[in-house]
Amino acid sequence: MTKPAGLKLVERDADGVDLAFRADVLAGLAEAQKAVPARWFYDDAGSQLFEDITRLPEYYPTRAETEILSTRAAEIAGLIGEGRAVVEFGSGSSVKTPLLLSACRPSAYVPLDIAGDFLRASSAALAEKFPGLPVLPVEADFMRRVELPAEVADLPKLGFFPGSTIGNMIARTATDLLRTMRATLGEGAMLLIGMDLVKDEDVLLAAYDDAAGVTAAFNLNLLARINRELDGDIPLDAFAHEARWNDPFARIEMHLVAKHDVAFTVSGRRFAMAAGESIHTENSHKFTKRSGLMLLAAAGWEPLARWTDEARQFSLVLAESRPARSAP
């Protein structure tokens, strides 16, 4: 069995604080509509809570995407070809990633994630399932270009970005990330990306506000992380989880809404919120076929194939990085 390595590319201060995390939180809490980017949900506790969410009856995306990978594995693998280094943007799912690795017979597997302990644990589990496969985890912020391990520098690459995480970003940020992925993977690379689809509002709201309260715990864990890592004193019981459908932007929004007037400090800075004000913590954009393919094309990815589950709730798209063209 190949033992996973532990390359770290996250910038921290002398106290071990993630500098980008602190900058994003302080900037976001200073805005009129307070907001914290969704990528900061995923400390070790948040990553585990999200794994719990994927098993909830209301949360359809994981089941739908797993159905696609299970039923279309041979077709997907045939287009990808064997021997590519699979670079996953985010720690490997215990279900979806093995399906892809089994189908496409990669030369190496490189998961990228900012949650170091969760990353190494998931990498070790995958290494046990695939003895002999080089598993090379990199603790890094994949929103920026990542220098991949030397072992895969000269190999053809397949980026894997499941779960419709691309939907967490507004169009500008999503396009920037897809361009950053091209820079990380190189020209000629392929990308297999999950994109959730527009559907009935009631189905969407239930998926982000489950009856068991797991999504609420996931949302509130962001405040617990801020308190723990950024010397905050935010009273968690002063906030409530809320999911909203924003139809003009075709997205679910998650907010942490103040139940009453509240004041708190983070990293020595004081903030105040009135009752009913919220911290906007996540967008989850939903796509049509056209809007999803246009987003990829805008970032320099040429769509090659697209699959949906039987109920047409979710899509997987395979695209290829092509040289920029000046002509239309």
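Strand β7 (residues 190-196) is largely enclosed by the rest of the structure, because seven of its seven residues are buried; buried means under 20% relative accessible area and exposed over 50%, with partly exposed in between (1.4 Å probe, protein chains only). Strands (E, at least two residues) and helices (H or I, at least four) are DSSP runs, numbered from the N terminus. This is a predicted model, in which local features need pLDDT of at least 70 and side-chain atom pairs count only at pLDDT 80 or more, while totals for chains, interfaces and linings use all residues. Residues are numbered from 1 along each chain as its sequence is written, and side-chain values use heavy atoms, leaving out hydrogens and water.

In a regular strand the side chains alternate between the two faces of the sheet. In β7 both faces are covered, with Met-190, Leu-192, Gly-194 and Asp-196 buried on one side and Leu-191, Ile-193 and Met-195 buried on the other.

Two strands pair if DSSP finds at least two bridges between them. Strand β6 (residues 157-161) pairs with β7 in the parallel sense over four bridges, and Phe-160 has Leu-192 in β7 as its bridge partner.

Arg-312 lies in the loop between β13 (301-308) and β14 (314-321), has a phi near 55 degrees, a positive value in a residue other than glycine, and counts as exposed because its relative accessibility is 60%.
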